Amino acid sequence: MNNPNLRAVLTGTGAYLPAKRLTNDDLSRMVDTSDEWIYPRTGIRSRRIAAEGENVSDMAAAAGRQALENAGARPEEIDLLVLATITPDTPLPASSCLVQTRLGLSNATCFDIAAACSGFIYALDVARQYILSGAARKVLVVGAEKMSAITDWTDRTTCILFGDGAGAVVVERSEGGTQNGILSSATGTDGTLAPLLHIEAGGSAMPTTAETLAARKGFVRMDGHTIFKYAVRNMAGIADKAVTDAGLRHEDIDWLVPHQANMRIIQAVAKTMDLGMEKVVTNIENTGNTTAASIPLALHEAVSDGRIKDGDNVLFASFGAGLTWGATVVRWGR
Ligand SMILES: CC(C)(COP(=O)(O)OP(=O)(O)OC[C@H]1O[C@@H](n2cnc3c(N)ncnc32)[C@H](O)[C@@H]1OP(=O)(O)O)[C@@H](O)C(=O)NCCC(=O)NCCS
């Protein structure tokens with residue numbers, strides 16, 4: 001920890017989106033809604049939906065494989081896999097164990113993290129802590145979700161928001177004196193607000209029964225209005241903290257890669273951080289809210305198309321069920 005040259009560096013990104021696209025017009029044939037209602041309020045026009053039999057471990061493995069390739073890392077070099085998801089293939093075992101097998105990560109310790117939309121930020125923070133403590137050298141961090149499996153397709157207040165997908169990064173230990181890598185990481189939780197965004201049944205407190213199925217208690221329920229307010233306040237607050245902890249000012253940030261929950265939330269956070277929308281990476285229009293996958297998916301797009309360049313200061317910020325929130329500042333480059 002005391003070595004000033006020690007850094008956790010992001011060396012490769014990857015992403016996966018299922019082929020099937022569900023548009024707002026498609027949704028308007030399923031529930032009483034319209035593109036005219038959805039787009040201005042959320043910024044979403046379409047989202048991807050996993051195919052029958054396509055699971056979180058499949059999507060996570062596809063994104064993870066691409067991140068390994070882009071990092072030039074061999075599977076057996078990975079000593080830790082952290083998978084952020086709230087939609088694991090099965091309750092037992094952790095889906096990270098299934099991803100390990102798919103990718104041949106034979107030397108990796110694997111576990112899942114459930115922190116909803118903040119899952120990727122939490123998982124990245126765990127990777128950073130493992131690396132700075134000397135416990136790991138190369139870590140694969142994946143955010144992957146099959147939100148379509150826990151969405152109530154008869155509830156127009158939630159089903160318009162979510163989508164499926166996966167994103168991944170490789171994080172490596174560097175002692176070579178690079179100025180790049182993770183500069184700061186900040187996280188927060190407030191469990192007193194858990195009822196604002198939750199699934200009532202399907203866990204050990206209320207196992208699935210014919211009654212819970214009939215009452216549709218196994219799906220996401222949300223107080224969207226209240227969540228909106230907390231999302232703006234907490235994302236902006238934690239983003240500001242991460243920037244300060246990194247020794248930077250708002251104007252030093254080249255790119256904000258926010259959790260893609262709602263375009264209006266993103267715009268409000270950007271405004272609070274004094275960042276013009278030209279500095280904000282968004283893909284919500286075509287992905288919807290992919291929960292733990294959203295930041296690494298957007299990040300991969302902006303790195304792949306050359307928007308994010310070596311030396312750029314990149315800010316990630318998230319907010320989600322729990323309530324949970326977090327932010328990371330990364331100086332891009334190896
Ligand atoms: C969900 C969200 C878009 C709803 O927008 P809103 O402006 O708060 O809308 P409200 O919930 O107040 O609903 C307004 C009206 O639209 C109706 N409505 C809700 N969903 C609708 C839909 N899909 N289509 C048409 N009408 C809809 C409501 O029934 C309500 O009608 P009423 O006034 O007759 O009762 C917004 O609250 C939001 O984005 N919140 C944050 C959610 C989020 O990002 N969660 C994940 C966090 S990680």
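Predicted model: local features only at pLDDT ≥ 70, side-chain atom pairs only at ≥ 80, totals over all residues.
Residues are numbered from 1 along each chain as its sequence is written.

The chain is assigned domain 1 (7–174) and domain 2 (181–331), with bounds that come from an automatic or database domain assignment. Their centres, taken over C-alpha atoms, are separated by 14 Å. Across the boundary, 48 residues of domain 1 are in contact with 43 residues of domain 2, where contact requires that the C-beta atoms, placed from the backbone, lie within 7 Å. Among the elements that give two or more residues to this side of domain 1 are strand S1 (7–16), helix H5 (119–133) and strand S7 (164–174); helices (H or I, at least four residues) and strands (E, at least two) are DSSP runs, numbered from the N terminus.

An open sheet of four strands runs in the order S8-S13-S12-S11 with mixed pairing, two strands being paired if DSSP finds at least two bridges between them. Strand S8 (181–189) and strand S11 (255–258) each have a single partner strand and stand at the edges, so one side of each lacks a neighbour in the sheet. Strands S12 (residues 313–320) and S13 (residues 324–331) pair in the antiparallel sense over eight bridges, and tryptophan 325 in S13 is the bridge partner of phenylalanine 319. Helix H7 (residues 224–245) packs on the sheet, touching S8, S11, S12 and S13, and its direction makes about 35 degrees with that of S13; the axes are lines fitted to C-alpha atoms, for helices over the stretch in contact, and angles run from 0 to 180 degrees between N-to-C directions.

Definitions and conventions:
Contact = placed C-beta atoms within 7 Å.
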